[in-house]
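Good morning, colleagues. Please look at the sequence and the structure on the screen while I go through a few places in the chain.

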Amino acid sequence: MAKLTEFLIDELVQTYGTPLLVVDCKQLATQVEQLRAALPNVDLYYALKAFSDTQIIRELDAMGVGFDIASSGEADLLYAMKVNPRQTIHTHPIKTDDDIRQALRFGCTTFVIDNFAELQKFIPYRSRVGLLIRVAFRSSEAVVDLSKKFGCDPGELDWLVAEASRLDLAVKGFSFHVGSQCSSPSAHVHAIETCAQRLREWQTRQPQLSVLDIGGGFPVSYQNPSMAIEDFCRPIRQALTQVPDEVQIIAEPGRYLVAPTAHAVSRVMGKATRGAVPWYYLDDGVYGNYSGQIFDSARYPIHVFKQGPKQPSVLAGPTCDSIDIVAENIMLPELAIGDVVIGSNMGAYTHATSTHFNRLRPAQVICINEQAQQPSVAFIG
Ligand SMILES: Cc1ncc(COP(=O)(O)O)c(C=O)c1O
């Protein structure tokens, strides 16, 4: 993760005020290159839910990355930005008829389902859609176990494919998501091996299945170092050799692509001493960029530029709610009102889940080092 210099932060704060979320597009390109190098035969579809900023979309589109959408709002955004709908998949296993029509109007034709009721929703659109059946693989090693909520049992796969054929609906293949922020690749490997066996069995039957979507879950470092992406993906690459050559492999990374690209920049707006402990009130908190501490179980690395003797302190957010505490027992030098506090690795599930509670102004997103168009701010350092 590139460090932002004090000089650049100062310049951005003088120009835009705070709170900010500063996105480094050069880092975004690095994340894409690293994941592509680690998974060379896998087509990437960025999971827009992680952070649907328009410049991030522009950058990824220019790099040939596709998009995983999960709502009509996300489809509308890509439509407005003239993203090629052929480069998109709709991955929400549960949709309304409106969601399906909205996605089709945009031009997205690949949808994920995981049960019979959902399959039936596609009967009116059978000539226009291809379906992926999502399979559940529970994982205790993921911070967010997504297979608790979605995915059919592997034992239901054959039945669902057969029911789709009976309804004249085209199944293109299988998908899974073993959970977000996985600490090891073992769940991916198990899921790939299970799906690969089914795909091999279907090679001699109709319909011929041609897609395996291995989801997201690729980890980044917050407080604890995560596995390097090359090490994480090595066993995944090995497992993918079991998938028939004819099958296209795709993935839906969110966190890995955007988390390391962004820094949250806030300022101390008030201070107090409570029970001999210094409390600093920031203009950003868990209802804002730090919302991932609630919704995503994340703890972001936090630092300040101020030097001096440190003592256990509290960083609190700006709302009236007492849950709005960013860090307790954090070792800090004495801060003054106006001092800057930086949260790192904050691109995924942060701004995306921030709220308007107390009618506070959400953080402004500032992109630096844009590659997809003329840079507006130069990155120094
Ligand atoms: C369907 C789907 N695809 C992809 C992702 C992105 O996962 P990650 O950010 O762990 O890569 C998610 C995350 O919730 C998801 O639900």
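This is a predicted model: local features need pLDDT of at least 70, side-chain atom pairs count only at pLDDT 80 or more; totals for chains, interfaces and linings use all residues.

Q181 lies in strand 9, residues 180-182; strands here are DSSP runs of E with at least two residues, helices are runs of H or I with at least four residues, and both are numbered from the N terminus. Q181 is buried, with a relative accessible area of 12%. By buried I mean under 20% relative accessible area, by exposed over 50%, and by partly exposed anything in between, with a 1.4 Å probe and protein chains only. Although Q181 is not a glycine, its phi is positive, about 55°. Most residues other than glycine have a negative phi, and most peptide bonds are trans.

Residues are numbered from 1 along each chain as its sequence is written, and side-chain values use heavy atoms, with hydrogens and water left out.

A second residue with such a backbone angle is R359, which is not a glycine and has a positive phi near 55°. R359 is found in the loop between strand 17 and strand 18. Is R359 buried or exposed? R359 is exposed, with a relative accessible area of 78%.

The peptide bond between T18 and P19 is cis, with omega about 0°. P19 sits in the loop between helix 1 and strand 1. Just after helix 1, G17 takes a positive phi of about 75°.

That brings us to helix 1 itself. Its buried residues, within the range 6-16, are L8, I9, L12 and V13. Why do they lie on the same side of helix 1? They cover an arc of only 130° around the axis, and therefore share that side; the arc is that of the directions from the helix axis to the C-beta atoms. The face turned away from the buried side carries the exposed residues F7, Q14 and T15. The buried residues of helix 1 pack against strand 1 (20-24), strand 12 (262-274), strand 17 (340-343) and strand 18 (364-368), where contact means heavy atoms within 4.5 Å.

Let me turn to helix 7, residues 157-166. Its buried residues are L157, L160, V161, E163 and A164. Their arc around the axis is only 160°, which puts them on the same side of helix 7. What covers these buried residues includes helix 6 (116-120), strand 6 (130-135), strand 8 (170-176) and helix 8 (186-202). Just after helix 7, D168 has a positive phi of about 60°.

One residue that touches V161 is P207, which also touches S165, V171 and W202, not counting residues up to four places away in sequence. P207 belongs to the loop between helix 8 and strand 10 (211-213) and is buried, at a relative accessible area of 18%. How far apart are P207 and V161 in sequence and in space? They are 46 residues apart in sequence and 8.2 Å apart in space, C-alpha to C-alpha.

Another buried residue is Q55, with a relative accessible area of 5%. Q55 is in helix 3, residues 54-62. Leaving aside neighbours within four places in sequence, Q55 is in contact with C25, C367, E370, A372 and Q373.

Next, the ligand. It is surrounded by 15 residues, and the closest are H177, S180, E252, R255 and Y349; a residue counts as near if one of its heavy atoms lies within 4 Å. For polar contacts, I take pairs of N or O atoms within 3.5 Å; within protein, one must be able to donate a hydrogen and the other to accept it, and residues adjacent in sequence count only if both atoms are side-chain atoms. A backbone N or O atom of G217 lies 3.0 Å from a ligand oxygen atom. A polar backbone atom of R255 is 2.8 Å from an oxygen atom of the ligand. From Y349, a polar side-chain atom lies 2.6 Å from an oxygen atom of the ligand. The protein covers 91% of the 400 Å² of accessible area that the ligand has on its own, by the Shrake-Rupley method with a 1.4 Å probe; for residues, only the protein chains shown count as cover.

Finally, the domains. The protein is divided into domain 1 (6-21 + 260-368) and domain 2 (26-259), with bounds from an automatic or database domain assignment. Their centres, taken over C-alpha atoms, are separated by 33 Å. Across the two, 19 residues of domain 1 are in contact with 21 residues of domain 2.
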